[in-house]
Amino acid sequence: MGSHRRAKAPGRARVVVVTAAAGAATLASPLAAHAEPTPSLDQVKAQVDALYEDAEASTEAYNKAREQQQRFQQDTARLQDRIAQQQERINGLRESLGGLAAAQYRSGGIDPTVQLMLSSDPDDYLARAGSAERFTAQQADALRRLRLEQLRMDADRTEATGRLAELDRAATEAGRRKDEVKTKLAEVERILAGLKAADRARVLGNDTPAASRGAARPQAYTGPATGRVKDILGFAYAQLGKPYRWGATGPDSYDCSGLTLKAFAAGGVSLPRVSQDQYAAGRKIARDQVQPGDLVFYYNDLHHVGIYIGNGQLLHAPRTGKNVEIVPWDVMPYAGAVRF
């Protein structure tokens, strides 16, 4: 067994020497000599901007997953309604076949063929009916319709099962993307909480002329556009000053594609929900041919979209913490433009 004797306490002189040596070692340490520098405000701004950009990209992915989820829900409900109607028709056909059997019984006994038709398994009947020589045209027609309805119902049940699986996957993906957005925005809030008010405003870009325009009240469009474009721009101008909120399509707040979706709806144009699909659905326009009312897209993955309003300006819903605003259209990396 090892010794449990308490080690002798060092003398005072030894403590002084050890402490002094430790202090010298600290001064000589590379970690102490090269402490991590405090990031500049520009670096903090770049970090926050990158997080906001990532959050917006995740927002569009969330919107896409939610759109798929809603479509699968509608498809599944439609299939379930159709299956219920088919089951009612099958029950009616079975009752009809039962009526035929009762009539034959009253007239002198049940035809063996009809006995087969009353089987709960139409497949079993069809497999055995080939050897039966006697059945009426009415009985045969009823059974054919029964078999057809059963085949249709089985196919719809298979499709409904697949749709339910797709619905589950879409719901899982939407939840994952939602968590991504919330995580990135929480990190932004953590960073901003450590800044002074003036620095926070600078990082958020709330100290610029564009910010003051974005905070303006809704406006009336007074430009030269006419017809459908005028309706689109009129709606968009009326949303100025409303807050960005991820996943929102109005009327009190919007994300980028939610704003364009509703603005174009005001002009009678039905757009897909997410920015990438809006780009795919439109007619591509060269940058030097862009006109008021065209959609302009940004970043390589097309995760941001706004409405060109003329004179080199863009109306858009920017990001969390800001309002629908008008900015120069070259403030973000341009990716393309489309017209409807």
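This is a predicted model: local features need pLDDT of at least 70, side-chain atom pairs count only at pLDDT 80 or more; totals for chains, interfaces and linings use all residues.
The six strands form an open sheet, in the order E1-E6-E2-E3-E4-E5, with antiparallel pairing. Strands here are DSSP runs of type E with at least two residues, helices are runs of H or I with at least four residues, and both are numbered from the N terminus. Two strands count as paired if DSSP finds at least two bridges between them. Strand E1 (283–285) and strand E5 (325–328) stand at the edges with a single partner strand each, so one side of each has no neighbour in the sheet. On average, neighbouring strands of this sheet are turned by 40 degrees against each other, direction ignored.

Residues are numbered from 1 along each chain as its sequence is written, and side-chain values use heavy atoms, with hydrogens and water left out.

Let us turn to one pair of strands. Strand E3 (residues 304–310) and strand E4 (residues 313–316) run antiparallel and are joined by three bridges. Within this pair, Tyr 308 stands opposite Leu 314 in E4.

Which strands does helix H9 touch? Helix H9 (residues 227–238) packs on the sheet and touches E3, E4 and E5, where contact means heavy atoms within 4.5 Å. Helix H10 (residues 256–266) also packs on the sheet, touching strand E2 (295–298), E3 and E4.

Finally, the whole protein chain has 11 helices and six strands. Of its 340 residues, 38% are buried, that is, under 20% relative accessible area with a 1.4 Å probe, protein chains only.

Key. Buried means under 20% relative accessible area, exposed over 50%, partly exposed in between (1.4 Å probe, protein chains only). Axes are lines fitted to C-alpha atoms, for helices over the stretch in contact, and angles run from 0 to 180 degrees between N-to-C directions.
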